[in-house]
Amino acid sequence: MRRLSFVAQLAALLAAGAAPGASAETVRVFAAASLMEAFRDVAALYEQQHAGDAIELNFAGSQVLRTQIEQGASVDVFASADLVHADALKTAGLLGPYKVFARNRLVVVVPAGSPRVKGLQDVARPGVKVLVAGPTVPVGRYTTQALAKLGAAGLYGDDFQTRVQANVVSQETNVRAVLSKVLLGEADAGFVYVTDATTAAQKVQVIDIPERYNVVAEYPIGVVTKGAAAMQAKAFVDLVLGSEGQAILRKYGFAR
Amino acid sequence: MREGGRQEVLPRSVWLASIPLALYICVPLLALLFVVPPTDLARHLASPMAVRALWLTLKTTAIATLLVVVLGTPLAFMLARGSFRGRGLLDTLMDLPITVPPVVAGVALLLAFGRRGLIGRQLDVYGVQIAFTSVAVVMAQLFIASPFFVKAASAGFEAVDARLEAAARTLGASRWRVFWTISVPLARPALLSGVVLAWARALSEFGATMMFAGNFPGRTQTLTLAVMSALESDLETAVAVSVLSLALAVTALLGAKWLAGQWRAPLA
(Lines give C-alpha, C1' and ligand atoms only; values in the text may rest on other atoms or scores of the structure.)
Protein backbone atom coordinates (compact mmCIF):
# COMPACT_ATOMS: atom_id res chain seq x y z
CA MET A 1 0.00 0.00 0.00
CA ARG A 2 2.75 2.37 1.02
CA ARG A 3 4.77 1.60 -2.09
CA LEU A 4 1.69 2.12 -4.21
CA SER A 5 1.11 5.56 -2.77
CA PHE A 6 4.79 6.39 -3.15
CA VAL A 7 4.63 5.45 -6.82
CA ALA A 8 1.42 7.41 -7.14
CA GLN A 9 3.05 10.45 -5.55
CA LEU A 10 6.07 10.12 -7.77
CA ALA A 11 3.86 9.85 -10.82
CA ALA A 12 1.92 12.87 -9.65
CA LEU A 13 5.10 14.82 -9.14
CA LEU A 14 6.29 13.98 -12.63
CA ALA A 15 2.89 14.77 -14.06
CA ALA A 16 2.84 18.07 -12.21
CA GLY A 17 6.27 18.87 -13.58
CA ALA A 18 5.24 17.99 -17.09
CA ALA A 19 1.90 19.69 -17.08
CA PRO A 20 1.85 22.80 -14.93
CA GLY A 21 -1.49 23.34 -13.27
CA ALA A 22 -2.19 19.68 -12.61
CA SER A 23 -3.87 19.60 -9.23
CA ALA A 24 -1.65 17.46 -7.02
CA GLU A 25 -2.26 18.60 -3.48
CA THR A 26 -0.88 17.76 -0.09
CA VAL A 27 -3.57 17.78 2.54
CA ARG A 28 -2.28 18.43 6.04
CA VAL A 29 -4.31 16.69 8.71
CA PHE A 30 -3.83 17.44 12.41
CA ALA A 31 -5.39 14.65 14.46
CA ALA A 32 -5.64 13.66 18.11
CA ALA A 33 -3.05 11.06 19.15
CA SER A 34 -5.76 8.48 19.80
CA LEU A 35 -6.69 8.52 16.10
CA MET A 36 -3.25 7.38 14.94
CA GLU A 37 -3.92 3.91 13.53
CA ALA A 38 -7.42 4.67 12.24
CA PHE A 39 -6.37 7.85 10.44
CA ARG A 40 -3.33 6.19 8.89
CA ASP A 41 -5.73 3.73 7.28
CA VAL A 42 -8.16 6.45 6.20
CA ALA A 43 -5.27 8.45 4.71
CA ALA A 44 -4.05 5.42 2.76
CA LEU A 45 -7.57 4.91 1.44
CA TYR A 46 -7.82 8.57 0.47
CA GLU A 47 -4.53 8.46 -1.39
CA GLN A 48 -5.74 5.37 -3.22
CA GLN A 49 -8.94 7.08 -4.26
CA HIS A 50 -7.31 10.38 -5.18
CA ALA A 51 -4.23 9.55 -7.17
CA GLY A 52 -1.79 12.41 -6.91
CA ASP A 53 -2.99 13.84 -3.63
CA ALA A 54 -1.02 13.11 -0.53
CA ILE A 55 -2.11 13.21 3.08
CA GLU A 56 0.32 14.48 5.67
CA LEU A 57 -0.64 13.35 9.16
CA ASN A 58 0.44 15.02 12.37
CA PHE A 59 -0.60 13.39 15.63
CA ALA A 60 -0.36 14.95 19.09
CA GLY A 61 -2.54 15.83 22.04
CA SER A 62 -5.47 17.90 20.72
CA GLN A 63 -4.38 20.84 22.90
CA VAL A 64 -0.95 20.86 21.24
CA LEU A 65 -2.50 20.83 17.77
CA ARG A 66 -4.86 23.63 18.75
CA THR A 67 -1.96 25.79 19.96
CA GLN A 68 -0.06 25.07 16.75
CA ILE A 69 -3.07 26.11 14.64
CA GLU A 70 -3.50 29.26 16.75
CA GLN A 71 0.15 30.06 16.14
CA GLY A 72 -0.38 29.85 12.40
CA ALA A 73 0.56 26.28 11.46
CA SER A 74 -0.53 25.57 7.90
CA VAL A 75 -3.18 22.91 8.30
CA ASP A 76 -6.18 21.81 6.27
CA VAL A 77 -8.08 19.47 8.57
CA PHE A 78 -8.36 19.33 12.37
CA ALA A 79 -9.70 16.26 14.17
CA SER A 80 -9.86 16.76 17.94
CA ALA A 81 -10.57 14.37 20.78
CA ASP A 82 -12.98 16.82 22.38
CA LEU A 83 -15.28 19.68 21.49
CA VAL A 84 -13.47 22.20 23.72
CA HIS A 85 -10.49 22.66 21.44
CA ALA A 86 -12.59 22.58 18.27
CA ASP A 87 -14.98 25.17 19.73
CA ALA A 88 -12.09 27.43 20.71
CA LEU A 89 -10.71 27.37 17.17
CA LYS A 90 -14.16 27.90 15.68
CA THR A 91 -14.78 30.92 17.91
CA ALA A 92 -11.45 32.32 16.80
CA GLY A 93 -12.54 31.90 13.20
CA LEU A 94 -9.82 29.37 12.50
CA LEU A 95 -12.03 26.32 12.04
CA GLY A 96 -15.13 25.99 9.87
CA PRO A 97 -18.25 24.11 10.96
CA TYR A 98 -17.37 20.71 12.40
CA LYS A 99 -19.12 17.38 12.73
CA VAL A 100 -18.74 14.68 15.37
CA PHE A 101 -17.42 11.63 13.53
CA ALA A 102 -16.57 9.22 16.34
CA ARG A 103 -17.05 8.53 20.01
CA ASN A 104 -14.79 6.90 22.51
CA ARG A 105 -14.80 5.94 26.18
CA LEU A 106 -12.30 5.48 28.96
CA VAL A 107 -10.77 2.30 30.35
CA VAL A 108 -7.97 1.55 32.76
CA VAL A 109 -5.01 -0.36 31.34
CA VAL A 110 -2.73 -2.48 33.47
CA PRO A 111 0.50 -4.21 32.34
CA ALA A 112 -0.36 -7.79 31.36
CA GLY A 113 0.17 -10.15 34.26
CA SER A 114 0.54 -7.38 36.83
CA PRO A 115 -0.66 -8.52 40.23
CA ARG A 116 -1.03 -5.03 41.65
CA VAL A 117 -4.23 -3.90 40.02
CA LYS A 118 -7.10 -6.33 39.47
CA GLY A 119 -10.08 -4.05 39.63
CA LEU A 120 -11.00 -0.36 39.75
CA GLN A 121 -10.82 -0.30 43.55
CA ASP A 122 -7.09 -1.20 43.39
CA VAL A 123 -6.28 1.98 41.47
CA ALA A 124 -6.86 3.90 44.71
CA ARG A 125 -4.72 1.58 46.85
CA PRO A 126 -1.72 3.39 48.43
CA GLY A 127 1.52 2.83 46.53
CA VAL A 128 -0.10 2.04 43.19
CA LYS A 129 1.47 4.14 40.43
CA VAL A 130 -1.15 5.72 38.22
CA LEU A 131 -0.58 7.57 34.95
CA VAL A 132 -2.99 10.09 33.51
CA ALA A 133 -2.83 12.69 30.78
CA GLY A 134 -2.48 16.34 31.84
CA PRO A 135 -5.51 18.55 32.58
CA THR A 136 -5.41 20.24 29.16
CA VAL A 137 -5.33 16.97 27.24
CA PRO A 138 -8.89 15.84 26.42
CA VAL A 139 -8.37 12.37 27.86
CA GLY A 140 -6.95 13.95 31.02
CA ARG A 141 -10.08 16.02 31.50
CA TYR A 142 -12.31 13.02 30.79
CA THR A 143 -10.36 11.06 33.39
CA THR A 144 -11.02 13.71 36.03
CA GLN A 145 -14.71 13.67 35.14
CA ALA A 146 -14.97 9.89 35.36
CA LEU A 147 -13.11 9.86 38.68
CA ALA A 148 -15.50 12.49 40.04
CA LYS A 149 -18.47 10.36 39.00
CA LEU A 150 -16.95 7.24 40.54
CA GLY A 151 -16.16 9.14 43.71
CA ALA A 152 -19.63 10.63 43.98
CA ALA A 153 -21.20 7.20 43.51
CA GLY A 154 -19.38 6.06 46.65
CA LEU A 155 -18.70 2.56 45.27
CA TYR A 156 -15.14 2.52 46.52
CA GLY A 157 -15.45 5.03 49.35
CA ASP A 158 -16.12 8.77 49.26
CA ASP A 159 -12.49 9.70 48.90
CA PHE A 160 -11.88 7.46 45.88
CA GLN A 161 -11.06 10.40 43.60
CA THR A 162 -8.64 11.95 46.09
CA ARG A 163 -6.89 8.67 46.70
CA VAL A 164 -6.48 7.95 42.97
CA GLN A 165 -5.21 11.46 42.37
CA ALA A 166 -2.67 11.01 45.16
CA ASN A 167 -1.39 7.97 43.26
CA VAL A 168 -0.81 9.88 40.00
CA VAL A 169 2.92 9.88 39.24
CA SER A 170 2.89 11.82 35.99
CA GLN A 171 0.66 13.94 33.79
CA GLU A 172 1.62 12.94 30.27
CA THR A 173 1.05 15.14 27.24
CA ASN A 174 -0.98 12.69 25.21
CA VAL A 175 -2.79 9.44 25.64
CA ARG A 176 -0.17 7.39 23.79
CA ALA A 177 2.53 8.43 26.24
CA VAL A 178 0.32 7.08 29.05
CA LEU A 179 -0.14 3.81 27.18
CA SER A 180 3.53 3.31 26.31
CA LYS A 181 4.71 3.88 29.87
CA VAL A 182 2.17 1.34 31.11
CA LEU A 183 3.42 -1.04 28.40
CA LEU A 184 6.95 -0.53 29.71
CA GLY A 185 5.68 -1.61 33.10
CA GLU A 186 6.71 1.67 34.71
CA ALA A 187 3.22 2.35 36.01
CA ASP A 188 0.63 0.03 37.51
CA ALA A 189 -2.36 1.58 35.81
CA GLY A 190 -3.16 4.21 33.20
CA PHE A 191 -6.33 5.95 32.07
CA VAL A 192 -6.68 5.72 28.28
CA TYR A 193 -9.35 5.34 25.63
CA VAL A 194 -10.72 1.90 24.89
CA THR A 195 -9.36 2.32 21.33
CA ASP A 196 -5.81 2.76 22.66
CA ALA A 197 -6.18 -0.41 24.68
CA THR A 198 -7.17 -2.27 21.50
CA THR A 199 -3.93 -1.25 19.78
CA ALA A 200 -1.98 -3.06 22.51
CA ALA A 201 -4.45 -5.83 23.26
CA GLN A 202 -1.86 -8.55 23.93
CA LYS A 203 0.28 -6.52 26.25
CA VAL A 204 -2.24 -4.95 28.59
CA GLN A 205 -5.16 -6.02 30.70
CA VAL A 206 -8.18 -3.81 30.38
CA ILE A 207 -10.33 -2.84 33.33
CA ASP A 208 -13.68 -1.49 32.28
CA ILE A 209 -15.26 1.60 33.77
CA PRO A 210 -19.03 0.99 33.99
CA GLU A 211 -20.97 3.02 31.49
CA ARG A 212 -22.82 5.19 33.96
CA TYR A 213 -19.55 6.47 35.46
CA ASN A 214 -17.79 6.64 32.14
CA VAL A 215 -17.48 9.68 29.91
CA VAL A 216 -18.31 9.80 26.22
CA ALA A 217 -15.50 11.42 24.28
CA GLU A 218 -16.77 13.16 21.18
CA TYR A 219 -14.40 13.58 18.24
CA PRO A 220 -15.17 16.54 15.97
CA ILE A 221 -13.60 17.03 12.55
CA GLY A 222 -13.62 20.17 10.43
CA VAL A 223 -11.81 22.09 7.71
CA VAL A 224 -9.36 24.74 8.87
CA THR A 225 -10.36 28.09 7.39
CA LYS A 226 -6.91 29.23 6.34
CA GLY A 227 -5.97 25.89 4.79
CA ALA A 228 -4.38 25.76 1.37
CA ALA A 229 -6.26 22.78 -0.03
CA ALA A 230 -9.87 23.44 0.92
CA MET A 231 -11.46 21.14 -1.65
CA GLN A 232 -9.26 18.18 -0.86
CA ALA A 233 -9.68 18.87 2.84
CA LYS A 234 -13.43 18.67 2.42
CA ALA A 235 -13.07 15.41 0.49
CA PHE A 236 -10.98 13.95 3.32
CA VAL A 237 -13.55 15.00 5.92
CA ASP A 238 -16.30 13.44 3.79
CA LEU A 239 -14.34 10.21 3.59
CA VAL A 240 -14.02 10.11 7.38
CA LEU A 241 -17.73 10.76 7.81
CA GLY A 242 -18.76 8.36 5.03
CA SER A 243 -19.33 4.64 5.32
CA GLU A 244 -15.78 3.64 4.33
CA GLY A 245 -14.13 5.91 6.89
CA GLN A 246 -16.61 4.88 9.53
CA ALA A 247 -15.88 1.20 8.87
CA ILE A 248 -12.19 1.84 9.55
CA LEU A 249 -12.97 3.72 12.76
CA ARG A 250 -15.27 0.89 13.86
CA LYS A 251 -12.44 -1.59 13.24
CA TYR A 252 -10.29 0.27 15.78
CA GLY A 253 -13.05 0.33 18.37
CA PHE A 254 -14.51 3.81 17.90
CA ALA A 255 -18.28 4.20 18.19
CA ARG A 256 -20.38 6.44 16.00
CA MET B 1 42.08 33.69 26.13
CA ARG B 2 42.59 36.42 23.55
CA GLU B 3 46.38 36.19 23.38
CA GLY B 4 46.29 33.39 20.82
CA GLY B 5 44.03 35.06 18.25
CA ARG B 6 45.74 37.88 16.42
CA GLN B 7 43.42 40.83 16.09
CA GLU B 8 43.39 42.56 12.77
CA VAL B 9 41.25 44.96 10.79
CA LEU B 10 38.88 42.80 8.77
CA PRO B 11 37.45 43.63 5.36
CA ARG B 12 33.83 44.76 5.28
CA SER B 13 32.72 41.58 3.48
CA VAL B 14 33.61 39.50 6.53
CA TRP B 15 31.57 41.85 8.69
CA LEU B 16 28.59 41.55 6.38
CA ALA B 17 28.87 37.77 6.19
CA SER B 18 28.89 37.53 9.99
CA ILE B 19 25.68 39.44 10.47
CA PRO B 20 23.03 36.88 9.39
CA LEU B 21 23.87 34.22 11.96
CA ALA B 22 24.31 36.74 14.74
CA LEU B 23 20.90 38.24 13.95
CA TYR B 24 19.36 34.81 13.61
CA ILE B 25 20.40 33.99 17.18
CA CYS B 26 19.45 37.40 18.52
CA VAL B 27 16.01 37.99 17.07
CA PRO B 28 14.10 34.96 18.47
CA LEU B 29 15.57 35.53 21.92
CA LEU B 30 14.53 39.17 21.81
CA ALA B 31 11.07 38.14 20.57
CA LEU B 32 10.59 36.29 23.85
CA LEU B 33 10.96 39.59 25.68
CA PHE B 34 8.36 41.52 23.72
CA VAL B 35 5.34 39.21 23.90
CA VAL B 36 4.45 39.66 27.55
CA PRO B 37 4.54 43.11 29.17
CA PRO B 38 6.85 43.25 32.22
CA THR B 39 4.00 43.74 34.71
CA ASP B 40 2.21 40.61 33.47
CA LEU B 41 5.52 38.81 33.44
CA ALA B 42 5.83 39.19 37.20
CA ARG B 43 2.27 37.99 37.68
CA HIS B 44 2.79 34.87 35.54
CA LEU B 45 6.06 34.11 37.27
CA ALA B 46 4.35 34.30 40.64
CA SER B 47 1.93 31.55 39.57
CA PRO B 48 2.25 28.37 41.64
CA MET B 49 3.24 26.42 38.53
CA ALA B 50 6.18 28.70 37.73
CA VAL B 51 7.33 28.96 41.35
CA ARG B 52 7.25 25.21 41.89
CA ALA B 53 9.03 24.56 38.59
CA LEU B 54 11.74 27.13 39.36
CA TRP B 55 12.33 25.77 42.86
CA LEU B 56 12.46 22.17 41.62
CA THR B 57 14.80 23.13 38.79
CA LEU B 58 17.21 25.00 41.07
CA LYS B 59 17.21 22.14 43.55
CA THR B 60 17.67 19.30 41.04
CA THR B 61 20.26 21.10 38.91
CA ALA B 62 22.26 22.03 42.03
CA ILE B 63 22.37 18.39 43.14
CA ALA B 64 23.10 17.17 39.62
CA THR B 65 25.94 19.67 39.21
CA LEU B 66 27.41 18.68 42.57
CA LEU B 67 27.31 15.02 41.53
CA VAL B 68 28.85 15.88 38.17
CA VAL B 69 31.80 17.52 39.93
CA VAL B 70 32.26 14.85 42.59
CA LEU B 71 32.02 11.93 40.16
CA GLY B 72 33.42 13.71 37.12
CA THR B 73 36.66 15.13 38.54
CA PRO B 74 38.43 11.78 39.12
CA LEU B 75 37.29 10.57 35.72
CA ALA B 76 38.49 13.75 34.02
CA PHE B 77 41.85 13.50 35.78
CA MET B 78 42.21 9.89 34.76
CA LEU B 79 41.41 10.74 31.14
CA ALA B 80 43.97 13.55 31.20
CA ARG B 81 46.82 11.84 33.04
CA GLY B 82 46.20 8.13 32.89
CA SER B 83 47.68 5.83 30.30
CA PHE B 84 45.67 2.66 30.02
CA ARG B 85 44.06 0.48 27.41
CA GLY B 86 40.68 1.71 26.31
CA ARG B 87 41.40 5.31 27.20
CA GLY B 88 40.29 6.46 23.76
CA LEU B 89 37.17 4.35 24.00
CA LEU B 90 36.29 5.79 27.42
CA ASP B 91 36.91 9.28 26.10
CA THR B 92 34.51 8.69 23.21
CA LEU B 93 31.97 7.06 25.48
CA MET B 94 31.93 10.15 27.68
CA ASP B 95 31.07 12.22 24.61
CA LEU B 96 28.07 10.10 23.72
CA PRO B 97 25.52 11.84 25.95
CA ILE B 98 26.25 15.01 23.96
CA THR B 99 25.43 13.43 20.63
CA VAL B 100 22.70 10.99 21.63
CA PRO B 101 19.26 12.63 21.41
CA PRO B 102 18.13 13.34 24.99
CA VAL B 103 14.85 11.50 24.52
CA VAL B 104 16.86 8.41 23.55
CA ALA B 105 18.89 8.87 26.71
CA GLY B 106 15.56 8.94 28.55
CA VAL B 107 14.44 5.66 27.03
CA ALA B 108 17.84 4.16 27.86
CA LEU B 109 17.60 5.33 31.48
CA LEU B 110 14.12 3.87 31.70
CA LEU B 111 15.31 0.54 30.34
CA ALA B 112 18.18 0.51 32.82
CA PHE B 113 16.67 2.02 35.95
CA GLY B 114 12.95 1.62 35.31
CA ARG B 115 10.97 -0.90 37.29
CA ARG B 116 11.57 -3.61 34.72
CA GLY B 117 14.99 -2.32 33.74
CA LEU B 118 18.31 -4.12 33.99
CA ILE B 119 19.23 -2.54 37.30
CA GLY B 120 15.82 -1.19 38.25
CA ARG B 121 14.50 -4.74 38.49
CA GLN B 122 16.97 -5.48 41.29
CA LEU B 123 16.22 -2.22 43.05
CA ASP B 124 12.51 -2.91 42.84
CA VAL B 125 13.03 -6.02 44.97
CA TYR B 126 14.16 -3.71 47.77
CA GLY B 127 11.23 -1.40 47.19
CA VAL B 128 13.33 1.26 45.47
CA GLN B 129 11.62 2.82 42.47
CA ILE B 130 13.24 5.65 40.62
CA ALA B 131 11.13 6.49 37.58
CA PHE B 132 8.70 9.41 38.04
CA THR B 133 10.55 10.80 41.07
CA SER B 134 12.76 13.86 41.61
CA VAL B 135 15.67 11.40 41.78
CA ALA B 136 14.93 10.49 38.16
CA VAL B 137 15.10 14.19 37.25
CA VAL B 138 18.56 14.47 38.81
CA MET B 139 19.70 11.27 37.12
CA ALA B 140 18.55 12.48 33.70
CA GLN B 141 20.42 15.76 34.24
CA LEU B 142 23.54 13.96 35.46
CA PHE B 143 23.53 11.71 32.39
CA ILE B 144 23.12 14.55 29.91
CA ALA B 145 25.25 17.21 31.60
CA SER B 146 28.28 15.31 32.90
CA PRO B 147 30.23 15.21 29.59
CA PHE B 148 30.30 19.00 29.49
CA PHE B 149 32.19 19.08 32.79
CA VAL B 150 34.34 16.02 32.15
CA LYS B 151 35.49 17.33 28.77
CA ALA B 152 36.33 20.78 30.07
CA ALA B 153 37.99 19.43 33.21
CA SER B 154 40.07 16.86 31.40
CA ALA B 155 41.24 19.48 28.89
CA GLY B 156 42.09 21.69 31.87
CA PHE B 157 44.10 18.97 33.61
CA GLU B 158 45.84 18.11 30.36
CA ALA B 159 46.97 21.72 29.95
CA VAL B 160 48.69 21.64 33.36
CA ASP B 161 52.41 21.16 32.87
CA ALA B 162 53.11 17.63 34.09
CA ARG B 163 56.65 18.70 35.03
CA LEU B 164 55.23 20.95 37.76
CA GLU B 165 53.38 18.02 39.26
CA ALA B 166 56.51 15.85 38.99
CA ALA B 167 58.63 18.54 40.63
CA ALA B 168 56.23 18.79 43.55
CA ARG B 169 56.36 15.01 43.93
CA THR B 170 60.19 14.99 44.04
CA LEU B 171 60.00 17.62 46.76
CA GLY B 172 58.07 15.14 48.84
CA ALA B 173 54.44 16.14 48.33
CA SER B 174 51.92 13.35 48.33
CA ARG B 175 49.87 12.67 45.18
CA TRP B 176 46.83 13.98 47.00
CA ARG B 177 48.58 17.21 47.95
CA VAL B 178 49.95 17.68 44.44
CA PHE B 179 46.45 17.27 43.07
CA TRP B 180 44.95 19.88 45.39
CA THR B 181 47.80 22.39 45.39
CA ILE B 182 49.06 22.11 41.81
CA SER B 183 46.62 20.42 39.44
CA VAL B 184 43.32 21.87 40.65
CA PRO B 185 44.49 25.50 41.01
CA LEU B 186 46.13 25.46 37.60
CA ALA B 187 43.10 23.87 35.94
CA ARG B 188 40.66 26.04 37.87
CA PRO B 189 39.38 28.23 35.00
CA ALA B 190 38.62 25.10 32.95
CA LEU B 191 37.02 23.36 35.93
CA LEU B 192 34.81 26.34 36.70
CA SER B 193 33.66 26.86 33.15
CA GLY B 194 32.96 23.11 33.01
CA VAL B 195 30.80 23.42 36.12
CA VAL B 196 28.82 26.29 34.65
CA LEU B 197 28.40 24.56 31.29
CA ALA B 198 27.19 21.39 32.97
CA TRP B 199 24.79 23.37 35.13
CA ALA B 200 23.45 25.23 32.09
CA ARG B 201 22.94 21.97 30.24
CA ALA B 202 21.13 20.49 33.25
CA LEU B 203 18.88 23.58 33.32
CA SER B 204 17.84 23.07 29.72
CA GLU B 205 17.33 19.30 30.03
CA PHE B 206 13.97 18.22 28.66
CA GLY B 207 13.81 15.05 26.59
CA ALA B 208 15.38 12.58 28.98
CA THR B 209 13.48 14.07 31.92
CA MET B 210 10.14 13.85 30.12
CA MET B 211 10.80 10.21 29.30
CA PHE B 212 12.36 8.99 32.53
CA ALA B 213 10.84 11.25 35.17
CA GLY B 214 7.52 12.16 33.61
CA ASN B 215 5.71 15.42 34.22
CA PHE B 216 4.26 16.15 37.63
CA PRO B 217 4.12 19.64 39.16
CA GLY B 218 6.41 20.02 42.17
CA ARG B 219 7.97 16.59 41.76
CA THR B 220 9.30 16.23 38.23
CA GLN B 221 8.02 19.28 36.35
CA THR B 222 11.14 21.37 35.77
CA LEU B 223 11.14 24.74 34.00
CA THR B 224 11.39 23.23 30.53
CA LEU B 225 8.54 20.82 31.18
CA ALA B 226 6.53 23.68 32.66
CA VAL B 227 7.03 25.64 29.44
CA MET B 228 5.71 22.72 27.45
CA SER B 229 2.74 22.15 29.74
CA ALA B 230 1.89 25.84 29.89
CA LEU B 231 2.12 26.15 26.13
CA GLU B 232 -0.89 23.89 25.90
CA SER B 233 -3.12 26.08 28.00
CA ASP B 234 -1.68 29.52 28.36
CA LEU B 235 0.88 30.98 25.96
CA GLU B 236 1.68 33.95 28.22
CA THR B 237 2.71 31.79 31.15
CA ALA B 238 4.78 29.65 28.79
CA VAL B 239 6.56 32.74 27.51
CA ALA B 240 7.06 34.08 31.03
CA VAL B 241 8.67 30.82 32.15
CA SER B 242 10.77 30.87 28.97
CA VAL B 243 12.00 34.35 29.83
CA LEU B 244 12.94 33.09 33.28
CA SER B 245 14.90 30.21 31.72
CA LEU B 246 16.62 32.66 29.39
CA ALA B 247 17.57 34.80 32.39
CA LEU B 248 19.09 31.78 34.11
CA ALA B 249 21.03 30.90 30.97
CA VAL B 250 22.38 34.44 30.67
CA THR B 251 23.34 34.35 34.36
CA ALA B 252 25.18 31.08 33.78
CA LEU B 253 27.12 32.48 30.84
CA LEU B 254 28.03 35.76 32.52
CA GLY B 255 28.92 33.82 35.65
CA ALA B 256 31.25 31.59 33.66
CA LYS B 257 32.97 34.58 32.04
CA TRP B 258 33.31 36.40 35.33
CA LEU B 259 34.68 33.35 37.12
CA ALA B 260 37.17 32.73 34.34
CA GLY B 261 38.32 36.34 34.64
CA GLN B 262 38.52 36.24 38.44
CA TRP B 263 40.57 33.11 38.61
CA ARG B 264 42.98 33.12 35.80
CA ALA B 265 45.33 30.21 36.18
CA PRO B 266 48.34 31.49 38.18
CA LEU B 267 50.88 30.45 35.55
CA ALA B 268 48.81 30.46 32.38
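Student: Which domains does the domain assignment of chain A give?

Tutor: This is a predicted model, and what follows should be read with that in mind. The domain assignment of chain A gives two stretches, 2-103 and 218-251, to domain 1, while residues 106-213 form the other part, so named in the assignment as domain 2.

Student: How many Å separate the centres of domain 1 of chain A and domain 2 of chain A?

Tutor: The centres are taken over C-alpha atoms. The contact of these domains of chain A takes 12 residues from domain 1 and 12 residues from domain 2. Between the centres of domain 1 and domain 2 of chain A, the separation is 30 Å.

Student: Which element gives the largest share of the side of domain 1 of chain A that touches domain 2 of chain A?

Tutor: The elements that supply two or more residues to this side are helix H2 (36-49) and H3 of chain A. By class, the side of domain 1 of chain A that touches domain 2 of chain A holds 6 nonpolar, 4 polar and 2 charged residues. The largest share, 3 residues, is that of H3(A).

Student: Which element gives the most to the side of chain A that touches chain B?

Tutor: The contact of the chains takes 15 residues from chain A and 15 residues from chain B. On the side of chain A, helix H3 (62-70) and strand S7 (168-172) each supply at least two residues, and by class that side has 3 nonpolar, 9 polar and 3 charged residues. The element that gives the most, with 4 residues, is S7(A).

Student: Which element of chain A has the lowest mean pLDDT?

Tutor: The mean pLDDT of chain A is 88, and 91% of its residues reach 70 or more. Over residues 13-22 of chain A, however, pLDDT stays under 50, and the model has 3 contacts beyond four places in sequence for them. Among the elements of chain A, strand S3 (residues 77-79) has the highest mean, 97, and the lowest, 49, belongs to helix H1 (residues 2-18).

Key:
Residues numbered from 1 in each chain as written. Chains lettered and ligands numbered in written order. Predicted model: local features only at pLDDT ≥ 70, side-chain atom pairs only at ≥ 80, totals over all residues. Contact = placed C-beta atoms within 7 Å. Nonpolar A, V, L, I, M, F, W, Y, C, P; charged D, E, K, R; others polar. Domains from an automatic or database assignment. pLDDT = per-residue confidence, 0-100.
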